[in-house]
Each structure stands twice: as C-alpha cells, then as structure tokens.
Amino acid sequence: MFERFTKDARAVVLGAVGHAERLDAETVEEQHLLLALLDREASRASFALTSLGLGGRRESVQRALAEARRRGGLSRADTDALSGLGIDVSAIVSRVEEAHGEGALEGSHGNAKGAGNDSGRGGKGWWAGFVGQRRPFARGAKDVLTESLRMALAQQDRHIGDEHLLLALAARPGVPSEVLADHGVTYVSLRRVLYGGGEAKAS
C-alpha cells in the first residue's frame, strides 16, 4: 500500500521515524506522526493546520505531548477515567519519578500498546517499505496509516496524502487527537478546511 502514498505522506512517515529516534523511543508512535506533520511546509496538511491556527504553536504541541509521555502515554480522558476509579495518576507519576528520576514512565507505553510483531510476521508489513527495520511501528501508528487509506477512499482520492494522515490522527481517540483538539484542530474542522463547506479549502 505504501506506493499509494504521496511524497508528502512518505515524508511524514520518514519524519516520524526520525522523531522516534531523536526521542530515543523504542517504537514509532502516533505522537511522532503528529510531530512530523508539524514539520511539513507547503502541503495540504500544513495548509489545514495553518488555517486552523496551529502553524506557530509547535512548542505548545510539543509540551503537551511531552506531558502525556510523562504520564506513560495516557491521555487526559484515560487519567480522568482512572481518577473515577480512585486512581490518582499525577500522584503515581510523582512517586515513580521520585524513585527513578523525571521521565521514568516515558518509555513504558510503547510495548503496552501493541508495538510487537504482527501475527508472527516479524513486525514486517506494508509500512516496512518506508523504513525497513530502523524502528518498529506501534499498533496505534500502524492503525493511523491504515485509517489514512480509509480516509482517502472515503473522498475518492487516488493517493494517500499527508492530509489523510492528519485526518486519521484527528479521528482516533488518544493523545494526538486530544492535543490537536486542545489547539483548535478537530476532525470536523479539518474536513471543513480540506474539503470545503463555505470556507477556503486546500488544493
């Protein structure tokens, strides 16, 4: 399927691997795809993000993602649900960091979310055509790539662009969509900017 990705979409996937390496992450996660999308210029996704006011707020997004990594990759929705069960995630993070140092939980969420091999195939899938075995893709990141195909097909687009990756991230529950929404970027607003609805649309 990777042959259907545009140059911009391929750059996002490769950029996500680069972000995973710079952050010393064991796997490529959804957050790395979001960071790579923020790197893009003169693409449909960058147009949409700029139109929705996210263009100059990269540092704010990075801080929000870093805070989620400190919580072991839990979204606010996750921490709120745990709080409802009487579990104070902030207190747990504080205790763990007192004992093991700041950021001790940052690397713990990759394997917990299905970063391992796919059905005994040694972790190889269509995404291996992008990056070989430099970093395996976590389950959530794989799901975003697959969902981007569905987004493209729903619009009858022949290729998968970086805008489809962005839509897939915004549509899936989790930290990236939460961070995007906190910055005024939702699946609905992205669709409006990308595909019309009374406003200028990306071309």
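Me: How many residues does the largest nonpolar core have, and which have the most contacts inside it?
Reply: This is a predicted model. The largest nonpolar core has 44 residues, and Leu165, Leu166, Leu180 and Leu190 have the most contacts inside it.

Me: Which elements give two or more residues to this core?
Reply: Those elements are α1, α2, α3 (44-51), α4 (58-70), α9, α10, α11 (175-182) and α12.

Me: Take Leu190. What does Leu190 touch, not counting residues up to four places away in sequence?
Reply: Leu190 touches Ala48, Leu52, Leu166, Leu167, Ala170 and Val185.

Me: OK, α2. Is α2 mostly covered or mostly open?
Reply: Mostly covered, with nine of its 10 residues buried. Among them are Glu30, Gln31 and His32, along with Leu33, Leu34 and Leu35.

Me: Glu30 is a charged one. Which side chain meets Glu30 in a salt bridge?
Reply: Arg172, at 3.2 Å from N to O. Glu30 sits in helix α2 and Arg172 in the loop between α10 and α11, so this pair ties together parts 142 residues apart in sequence.

Me: Buried or exposed, Glu30? And what does Arg172 count as?
Reply: Glu30 is buried, at 13% relative accessible area. Arg172 counts as partly exposed, at 22%.

Me: What else is linked with Glu30 and Arg172 in the network of salt bridges?
Reply: Asp143 is linked with them in that network. The closest N and O atoms of Asp143 and Arg172 are 4.0 Å apart. Asp143 belongs to helix α9, so its bridge to the loop between α10 and α11 ties together parts 29 residues apart in sequence. Asp143 itself is partly exposed, with a relative accessible area of 30%.

Me: How many salt bridges are found in the whole structure?
Reply: Six. One of the others joins Glu163 and Arg44, with the closest N and O atoms 3.3 Å apart. That pair links helix α10 to helix α3, across 119 residues. Glu163 is buried, with a relative accessible area of 8%.

Me: Back to α9. How many residues does α9 have, and how far does it reach?
Reply: Helix α9 covers residues 139-154, which is 16 residues, and reaches 22 Å from its first C-alpha to its last. That is close to the 22 Å expected.

Me: Which residues of α9 are buried, and what covers them?
Reply: The buried ones include Val144, Leu145, Ser148, Leu149, Met151 and Ala152. Lys142 is also buried. The cover includes α1 (7-22), α2 (30-39), α10 (162-171) and α12 (187-195).

Me: And what follows α9?
Reply: Gln156 follows, and its phi is positive, near 60°.

Key. Residues numbered from 1 in each chain as written. Predicted model: local features only at pLDDT ≥ 70, side-chain atom pairs only at ≥ 80, totals over all residues. Heavy atoms only, no water. Helix = DSSP H or I, 4+ residues; strand = E, 2+ residues; numbered from the N terminus. Expected span 1.5 Å × (residues − 1). Buried < 20%, exposed > 50% of the residue type's maximum accessible area, 1.4 Å probe, protein only. Contact = heavy atoms within 4.5 Å. Core = buried A, V, L, I, M, F, W, Y, C linked by side-chain atoms within 4.5 Å.
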